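Here are my notes for your first read-through. Keep the viewer open and follow the points in order.

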Amino acid sequence: MSNLVRAALVQQRWTGDKDSMIAGAVEAIGSAASQGAQVVCLQELFYGPYFCQVQDADYYSYTEGIPDGPTTKLLQEVAERHGIVIVAPMYEQEQAGVYYNTAAVIDADGRYLGKYRKNHIPQVKGFWEKFYFRPGNTGYPVFDTAVGRIGVYICYDRHFPEGWRALGLAGAQIVFNPSATSRGLSQYLWRLEQPAAAVANEYYVGAINRVGVEPLGDNDFYGQTYFVDPRGELVGEAASDEKDEVVVRDLDMDKLAEVRDLWQFYRDRRPDSYGPIVEP
């Protein structure tokens with residue numbers, strides 16, 4: 001018998017207000033759970049627009065405390081009700097004027113397990129993130145959940161192989177990469193980077209993207225959310241490039257040992273030779 005984890009990813013179009021985004025996410029989590037999903041990840045900054053298309057301090061109002069804010073508390077109740085692990089990317093306020101792009105991880109019994117703060121912060125046209133976020137200071141945590149050991153890497157992080165590897169070394173079996181990435185800028189990379197990371201680090205990756213053109217700019221978020229296995233192959237089809245969708249897939253966890261026994265990337269690493277990588 002295969003050791004399967006049924007996992008889900010949620011891509012959403014911006015509705016115009018925070019409350020309906022949260023309600024839609026809660027409904028999507030319920031839909032995933034009704035299909036047998038044991039873990040679900042939402043998109044980057046899931047309850048708001050991707051406001052980094054502009055630089056406007058009014059959007060600081062989207063911040064909440066994590067875990068003490070209302071959305072984390074709500075999702076703890078949802079996780080417990082459905083018996084599902086939830087990864088929830090939100091805009092975190094640590095204290096007045098100190099904000100992070102953060103994902104909260106909640107176990108299937110509703111317990112808050114911890115957070116990952118996005119480490120790599122872009123500052124390019126249409127992605128003015130340094131205006132909104134401090135670089136993360138949590139390192140690359142891996143969380144012991146009801147479905148196994150999971151990690152999180154957020155959007156722009158995916159261009160940096162070091163964090164992917166750190167998550168693998170810490171024992172991650174599934175890494176979720178919630179994103180807000182647009183058609184003209186990076187679509188050609190969307191099907192390259194996460195499969196390459198899954199192969200190099202021998203784990204599953206769940207890649208989540210939002211959909212639609214939002215009022216704040218001309219970024220066309222193209223969805224195409226998917227799971228990829230440690231052989232670099234998609235698990236089922238990718239999601240639509242224009243519609244809200246809940247992607248539910250069975251991940252064969254026995255494949256992790258099979259691939260690691262075959263390729264031995266972790267055995268054959270040479271950390272003694274990697275010193276220049278960490279020099280400033």
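1. Let's start with a term you'll need throughout: a residue is buried under 20% relative accessible area, exposed over 50%, and partly exposed in between (1.4 Å probe, protein chains only). Arginine 111 is a handy example, since its relative accessible area of 45% makes it partly exposed.

2. Some ground rules. This is a predicted model, so local features need pLDDT of at least 70 and side-chain atom pairs count only at pLDDT 80 or more, while totals for chains, interfaces and linings use all residues. Residues are numbered from 1 along each chain as its sequence is written, and side-chain values use heavy atoms, with hydrogens and water left out.

3. Next, salt bridges (a side-chain nitrogen of Lys or Arg within 4 Å of a carboxyl oxygen of Asp or Glu). The whole structure has 18 of them. Which partners does arginine 111 have? One is aspartate 107, at 3.1 Å from N to O, and another is aspartate 109, with the closest N and O atoms 2.8 Å apart.

4. Lysine 118 sits in the loop between strand 5 (112-117) and strand 6 (123-124), and glutamate 129 in the loop between strand 7 (127-128) and strand 8 (142-145), so the pair ties together parts that are 11 residues apart in sequence. Are these two buried or exposed? Lysine 118 is buried at 1% relative accessibility, and glutamate 129 is buried with a relative accessible area of 1%. Elsewhere, salt bridges with shared partners link Glu92, Glu94, Lys115 and Arg117 into one network.

5. A word on naming: helices (H or I, at least four residues) and strands (E, at least two) are DSSP runs, numbered from the N terminus. Two strands pair if DSSP finds at least two bridges between them. Now find the open sheet of five strands, in the order 8-9-10-11-14, with mixed pairing. Strand 8 and strand 14 (226-228) are the edges, each pairing on one side only.

6. Inside that sheet, strand 9 (residues 148-152) and strand 10 (residues 174-179) run parallel and are joined by three bridges. Look for isoleucine 150, which stands opposite isoleucine 174 in strand 10. Helix 4 (residues 183-201) packs on the sheet, touching strand 10, strand 11 and strand 14; contact means heavy atoms within 4.5 Å.

7. Now turn to helix 5 (residues 254-263). Its buried residues are Lys255, Leu256 and Val259. Why are they on the same side of helix 5? They cover an arc of only 105° around the axis, which puts them there (the arc is that of the directions from the helix axis to the C-beta atoms). Their cover includes strand 11 (204-209) and strand 15 (245-252).

8. Last, the record. UniProt, in an unreviewed entry, lists residues 5-253 as "domain: CN hydrolase"; its positions are given in the numbering used here, feature names are shortened, and annotations may be inferred rather than shown by experiment. Over residues 5-253 the chain is 23% helix and 31% strand, and the end C-alpha atoms are 7 Å apart.

Definitions and conventions: Axes are lines fitted to C-alpha atoms, for helices over the stretch in contact, and angles run from 0 to 180 degrees between N-to-C directions.
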